[in-house]
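Student: I have a structure to go through and I'd like to ask about it as I read. Can we start with the charged side chains?

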Amino acid sequence: MLMPEDSPQENGVQTNQYSSISPPASPVAQDEPFSTYFEEKVPIPENVNQVFSFRKLWAFTGPGFLMSIAYLDPGNIESDLQSGAKAGFKLLWVLLGATIIGLLLQRLAARLGVVTGMHLAEVCNRQYPTVPRVILWLMVELAIIGSDMQEVIGCAIALNLLSVGRIPLWAGVLITITDTFVFLFLDKYGLRKLEAFFGFLITVMALSFGYEYVLVKPDQGEVLKGMFIPYCADCGPVQLEQAVGIVGAVIMPHNIYLHSALVKSRDIDRKNKKEVREANKYYFIESTIALFVSFLINVFVVAVFAQAFYNKTNMEVSQECNATGSPHTDLFPLNNGTLEVDIYKGGVVLGCFFGPAALYIWAIGILAAGQSSTMTGTYSGQFVMEGFLNLRWSRFARVLLTRSIAITPTLLVAIFQDVQHLTGMNDFLNVLQSMQLPFALIPILTFTSLTSIMNDFANGMVWKISGGIVILVVCAINMYFVVVYVTALNSVLLYIIAALLSIAYLCFVGYLAWHCLVALGVSCLDFGSRMQLSRHTDIYLLTDMDTDNVDER
């Protein structure tokens, strides 16, 4: 139960447990200049009294579109094309549902950042003890590295397709190192220009995959039917697994941390409830528009492969590629098995059926997806490291570390294996990120439900219940995805290792869930919970944060 502010224990043990925790130092106060995303804050137009203002919406536009790029990374694109090839239009409603759920979760992340002035990693740093905090940081870092590996794979494949095989996959992997320098170069030109560049990359993806959509001419009736009728006729285990994979690919854990930090880039007086409420409104509108655009792009990909390649056999594709003189006919075995595609084969079959232009434009779209996701991954890593560890690295060092970890295993696979193994890594990486989901979803629901942190903007009962159900369903779906993947490995040793890791994993998820249930008001579980202590302490932490912000202004 939350204790009153004048509690006699405020100078006792409870507060002392947090005496070493203080708000992050301002970059301005440090000895050496440190470049961050928040070095420049976007001013919000004043004296606009109407209920809705396009000028204000434009001022708030940016963070939502950066966040939406995680819904368009190469892992998502591969999930989309496989969904179309394996299930036709039947799973579009799953994609729609996953995007809506993602929007609701992003709303919670944005509200946390706006109301508290701290992002999710910073709040975790103040709420959880040292050991759980470090474990949580490691899990989120795994998700970020996994996402970066998908970007590396996507860019390498795109470069290989664009060069008609002249740039081998291993060389494409090495070329992605230059992303680091491109990103650092763009970062010098200011916040709004960087956000505009992200908008440009999203536009490139929309035009590329939109071109494929117009070229293939999917049945519009089937598209709408698949999108709004939640049913999958004649679907089996393959389609079920694909539906689970869609949810796992769309909702990404590090994106929750990212969005809660990006919203801090606007100049908002957090002591003014009207400004905070207004910021929450415009950020939600912007996020809705951004995710609607990302949803349309995902629909383009699903519909193209559903119309052109659903129920196609390897033999049919091989014959068509032979007829057009494609150099990639060896990718498709001469049998009547159902065609299986990935982002590499996807470009090849588009080239065979619809001409070389379709292949090159597909590759440009994949390259844009990969380039954009590397930048958002860099920001996520920066915020997570700063928040959890109070450790501030330069962008150059941060990108270099993450990219080195991501490139090493990808490069080894590219050198010693073939493209099938490289694209097959995407499946493993989607499973890896699915496993990390509870480490973002449970904390965000926990902290946005605490009145001591969110004040008047804490989740109401409806949001607490619906949020809890949504997170439970999403985590259950993704655990099923993991189980399906592990059981397909057919190795007793791997089963034993997976079982041992699962026990440790479930224990930690249970610990986070316990804190979450206490925050949601299940008082019978509040026996010695640290959350009870931290509720009281956060009043003072957030007050200190406000004072620092006012001083800086």
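Tutor: One term before that: a helix here is a DSSP run of at least four residues, and helices are numbered from the N terminus. Also keep in mind that this is a predicted model.

Student: OK. How many salt bridges does the structure hold?

Tutor: Five. One of them joins Arg-192 to Glu-195, with the closest N and O atoms 3.1 Å apart.

Student: Where do Arg-192 and Glu-195 lie?

Tutor: Both are in helix H10, which covers residues 191–216. Arg-192 and Glu-195 are three residues apart, or about one turn of the helix.

Student: Why does that spacing matter for which way residues point?

Tutor: An α-helix has 3.6 residues a turn, so residues three or four places apart point the same way.

Student: And Glu-195, buried or exposed?

Tutor: Glu-195 has 8% relative accessibility, so it counts as buried. Arg-192 is at 27%, which makes it partly exposed.

Student: Which other residue forms a salt bridge with Glu-195?

Tutor: Arg-266 does, and there the closest N and O atoms are 3.0 Å apart. That pair links distant parts of the chain: Arg-266 is in the loop between H13 and H14, Glu-195 is in helix H10, and they are 71 residues apart. Arg-266 and Glu-195 are both buried.

Student: What else does Arg-192 do, say with Trp-58?

Tutor: Arg-192 lies over the face of Trp-58, at 5.4 Å from the ring centre.

Student: Which residue forms a salt bridge with Glu-122?

Tutor: Lys-264, with the closest N and O atoms 3.2 Å apart. Glu-122 is in helix H6 (residues 120–127) and Lys-264 is in the loop between helix H13 (253–262) and H14, so this pair ties together parts 142 residues apart in sequence. Glu-122 is buried, with a relative accessible area of 6%, and Lys-264 is buried too, with 14%.

Student: Changing topic. How many aromatic pairs are there?

Tutor: The structure holds 18 aromatic pairs. Phe-52 and Tyr-282 form a tilted one, 5.8 Å centre to centre with 35 degrees between the planes. Phe-52 is in the loop between helix H1 (13–16) and helix H2 (54–60), while Tyr-282 is in helix H14 (residues 273–309), 230 residues away.

Student: Is Tyr-282 buried or exposed?

Tutor: Buried, at 1% relative accessibility. Phe-52 is partly exposed, at 32%.

Student: What about Phe-309 and Phe-354, what sort of pair are those?

Tutor: Their ring centres are 6.5 Å apart and their planes are at 75 degrees, so the pair is edge-to-face. Phe-309 lies in helix H14 and Phe-354 in helix H16 (residues 343–354), so the pair ties together parts 45 residues apart in sequence. Phe-309 is buried, with a relative accessible area of 0%, and Phe-354 is partly exposed at 27%.

Student: Which cluster do they belong to?

Tutor: Ring pairs link Phe-209, Phe-305, Phe-309, Phe-353, Phe-354 and Trp-362 into a cluster. Phe-354 also has a C-alpha atom 7.9 Å from that of Val-216, and those two residues are 138 apart along the chain.

Student: Next, helix H15. Which residues are buried there?

Tutor: In H15 (residues 314–323), Asn-314, Val-317, Ser-318 and Cys-321 are buried. They cover an arc of only 100 degrees around the axis, which puts them on the same side of H15. Gln-319 and Ala-323 are exposed on the other side of H15.

Student: And which residues form the nonpolar patch on the surface?

Tutor: Among them are Leu-489, Val-492, Leu-494 and Tyr-495, and the patch has about 970 Å² of accessible area together. Leu-494 is in helix H23, residues 492–519, and counts as partly exposed at 38% relative accessibility.

Student: Last one. What is phi of Asp-234 near?

Tutor: It is near 55 degrees, a positive value in a residue other than glycine. Asp-234 lies in the loop between helix H11 (220–228) and helix H12 (237–250), and is exposed with a relative accessible area of 76%.

Notes:
Residues are numbered from 1 along each chain as its sequence is written. This is a predicted model: local features need pLDDT of at least 70, side-chain atom pairs count only at pLDDT 80 or more; totals for chains, interfaces and linings use all residues. Side-chain values use heavy atoms; hydrogens and water are left out. Patches are made of residues with over 30% relative accessible area and no salt bridge: like charges are joined within 9 Å, nonpolar side chains (Val, Leu, Ile, Met, Phe, Trp, Tyr) within 5 Å. Accessible areas come from the Shrake-Rupley method with a 1.4 Å probe; for residues, only the protein chains shown count as cover. A salt bridge is a side-chain nitrogen of Lys or Arg within 4 Å of a carboxyl oxygen of Asp or Glu. Helices (H or I, at least four residues) and strands (E, at least two) are DSSP runs, numbered from the N terminus. Buried means under 20% relative accessible area, exposed over 50%, partly exposed in between (1.4 Å probe, protein chains only). Rings of Phe, Tyr and Trp (its six-membered ring) pair if their centres lie within 6.5 Å; planes under 30 degrees apart count as stacked, over 60 as edge-to-face and the rest as tilted. A charge sits over a ring if NZ of Lys or CZ of Arg is within 6 Å of the ring centre and within 35 degrees of the ring normal. The arc is that of the directions from the helix axis to the C-beta atoms.
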